[in-house]
Amino acid sequence: MTEDSTAAVLASVRALLPAVAERAAEAEELRRIPEATVKELASTGFFRLLQPQRYGGFGADPAVFYDCVKEIAQACGSTGWVASVLGVHPWHVALYEQAAQDEVWGENGERADTRISSSYAPTGTAARVDGGFRLSGRWHFSSGCDHAQWIILGALVPDADGNPVDMRAFLLPRTDYEIKDVWDTVGLRGTGSNDILVEDVFVPEHRALSYGPVTALAAPGLDINPEPVFRLPYAAVFTTTISSPIVGIAQGAWDGFVSATRERIRVSYGQKVAEDPFAQIRLARSASDIDAAWRQLRGNIGEMYDIVRAGGELSTELRARARRDQVLATERCAAAVDLLMENAGGNAMRTGAGPAGVQRAWRDIHTGRGHAANDPERALLMFGQDALGLDVQDVML
């Protein structure tokens, strides 16, 4: 696929953003993304950006994908979050054996628009049987699951004595699991991040991908999918998938706050807030943090992509730096929105989104910060250990 074709996807996504923003309140009320929004995003080709070309995707530069995610999240945080999560799963499925990919997309990609959700925390149980595994359990936080036809679920695989010896990502069709409607939260209300219930389902070996070869950049799917994007580290791709909508949410809050502040009057001083030097300083600080977060996120992924596209190997230092900057991007953006919210006035706390959507962004960003990918101490520890010449042992590197 050419750069022109992926640029066309970005342009088409941008054309949808006013409608996405208009449906933000509807998404909160439904507790899931409106079907119309998902269909419109699918029509742009967005969900196929990180899908292999042999199955009807673009196998694109990941920067295009993350640019789309950030801009969608500026319009609606929940929609940006779901778009990012659903949009990254084709990248993961591309690492499975060909038989699994054929099942999801069809041998010739005739089901190219298939969508996949996930819940990676290993909260279920997997028992090895002839030809595969029996999977059971309940998983949480499967964002966008109502719009998906397949799902990826994490589980530990025990040995004969019951000791966990492997962790795998199990790929299941919609007929093999049940969605439990439990998502009712303060923020990211529209993501429909519901529970998944599986009761003693057989999963064949080719649909149970171990994290070992994925982390080692030796997954079986690499034999048939030559696009360089699939040679990026799982940890960098997936954590950037979580932080990118958070940056977009923060940018949307900043844009909305600036627009509202130009006309707002502070009653206590009878002064336009736009003339308040302290408000101006807050705007500058928050803008710098949001900008720094995005430049580092996009810069690290871009550097990784350039290296793998040239056939090079990624250093541990670069992997650790990507994780360092990813968690700090989330931290910076949450702090930036806090600065704005503190200066937004009492009306911003009214039920609903509040003026310029700052309150919704504030709720969304703090909810998103709770995701496991945003554990700052664990990610920063990896960077510190590597910088000191210590051996870093972590699957999320």
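1. Leu217 is partly exposed, with a relative accessible area of 28% (buried means under 20% relative accessible area, exposed over 50%, and partly exposed in between, using a 1.4 Å probe and protein chains only). Its phi is near 55°, a positive value in a residue other than glycine. Leu217 is found in the loop between helix 7 (211-215) and helix 8 (234-261); helices (H or I, at least four residues) and strands (E, at least two) are DSSP runs, numbered from the N terminus. Bear in mind that this is a predicted model, where local features need pLDDT of at least 70 and side-chain atom pairs count only at pLDDT 80 or more, while totals for chains, interfaces and linings use all residues. Residues are numbered from 1 along each chain as its sequence is written, and side-chain values use heavy atoms, with hydrogens and water left out.

2. Leu188 also deserves a look: phi is near 50°, again positive in a residue other than glycine. Leu188 belongs to the loop between strand 5 and strand 6, and it is buried, with a relative accessible area of 3%.

3. Some pairings to check by eye. Strand 1 (residues 116-129) runs parallel to strand 3 (residues 150-158) over 6 bridges, with Ser119 bridged to Leu153. Strand 1 is joined to strand 2 (residues 132-142) by 5 bridges in the antiparallel sense, Val129 having Gly132 as its bridge partner. These two strands make a hairpin with 2 residues between them, and Gly131 in the turn has a positive phi of about 85°.

4. Helix 5 (residues 77-93) is mostly covered, with 17 of its 17 residues buried.

5. Aromatics: there are 11 aromatic pairs (rings of Phe, Tyr and Trp, the last by its six-membered ring, pair if their centres lie within 6.5 Å; planes under 30 degrees apart count as stacked, over 60 as edge-to-face and the rest as tilted). Phe46 and Phe65 are stacked, 5.3 Å centre to centre and 15° between the planes. Phe46 sits in the loop between helix 3 (35-44) and helix 4 (62-75) and Phe65 in helix 4, so the pair ties together parts 19 residues apart in sequence. Both Phe46 and Phe65 are buried.

6. Phe141 and Trp183 are edge-to-face instead, 6.2 Å centre to centre with 85° between the planes. Phe141 is in strand 2 and Trp183 in the loop between strand 5 and strand 6, so this pair ties together parts 42 residues apart in sequence. Phe141 is exposed at 59% relative accessible area, whereas Trp183 counts as buried at 9%.

Terms used
Two strands pair if DSSP finds at least two bridges between them.
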